[in-house]
Amino acid sequence: RHVPFKLKRVYLIKDCIEGMDRGHHAHKTTDQALFCIQGEVDIYLDNGVEKEIIHLNSAKNGVFLPARVWHEMRHMKKNTIMLVVASDYYDEKDYIRNYQDFLTYIKGNA
């Protein structure tokens, strides 16, 4: 009810060590929502024009991550667990894993 898409994939990011970083990619078409169900993490968001940092430290709040937004999960505390729900199944072709490629993709698909 609180996620603006139909769930097709659900997974956990766990076994985090202090200071661990994850993400460093964008999706072409997949929307996601991120929830920190244990620990703390900073979510860095970048749509190619604006940048934002959101600190998550409670399962009560999450971050909607639309497609075409570069995201990085930084400064994880030890034993952080994140719940990720996605609008589509895993498909490597949906990922943009290089930041310069992301900027080119955003400009070409504006």
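How do the residues of the lining of the largest pocket divide into nonpolar, polar and charged? I find 7 nonpolar, 4 polar and 3 charged. Here Ala, Val, Leu, Ile, Met, Phe, Trp, Tyr, Cys and Pro count as nonpolar, Asp, Glu, Lys and Arg as charged, and the others, Gly among them, as polar.

**Ground rules.** I am working on a predicted model, where local features need pLDDT of at least 70, side-chain atom pairs count only at pLDDT 80 or more, and totals for chains, interfaces and linings use all residues. Numbering runs from 1 along each chain as its sequence is written, and side-chain values use heavy atoms, with hydrogens and water left out.

**Pocket.** I looked up the volume of the largest pocket: about 180 Å³. The lining holds 14 residues, and Tyr11, Ile13, Arg22, His25 and Tyr95 lie nearest the centre. Two or more lining residues come from each of β1 (9-13), β2 (22-27), β3 (32-38) and β7 (70-74). A pocket is an open set of points on a 1 Å grid over the protein atoms alone, where a 1.4 Å probe fits, with protein on both sides within 12 Å along at least five of seven lines; lining residues have an atom within 4 Å of a point. Volume is the space filled by probe spheres set on the points, which are joined across faces, edges and corners. Strands (E, at least two residues) and helices (H or I, at least four) are DSSP runs, numbered from the N terminus.

**Rings.** I count 5 aromatic pairs. Rings of Phe, Tyr and Trp (its six-membered ring) pair if their centres lie within 6.5 Å; planes under 30 degrees apart are stacked, over 60 edge-to-face, the rest tilted. Phe5 and Phe64 are tilted, with centres 6.3 Å apart and planes at 35°. Phe5 lies in the segment before β1 and Phe64 in β6 (residues 62-65), so this pair ties together parts 59 residues apart in sequence. Phe5 is buried at 13% relative accessibility, whereas Phe64 is partly exposed at 41%. The cut-offs are under 20% relative accessible area for buried, over 50% for exposed and in between for partly exposed (1.4 Å probe, protein chains only).

Tyr99 and Phe102 are also tilted, 5.9 Å centre to centre and 35° between the planes. Both sit in helix α1 (residues 99-108), about one helical turn apart. Tyr99 is partly exposed at 27%; Phe102 is buried at 0%. Ring pairs link Trp70 with Tyr99 and Phe102 in a cluster.

**β6.** β6 pairs with β3 in the antiparallel sense over 4 bridges; pairing takes at least two DSSP bridges. Phe64 is the bridge partner of Ala33.
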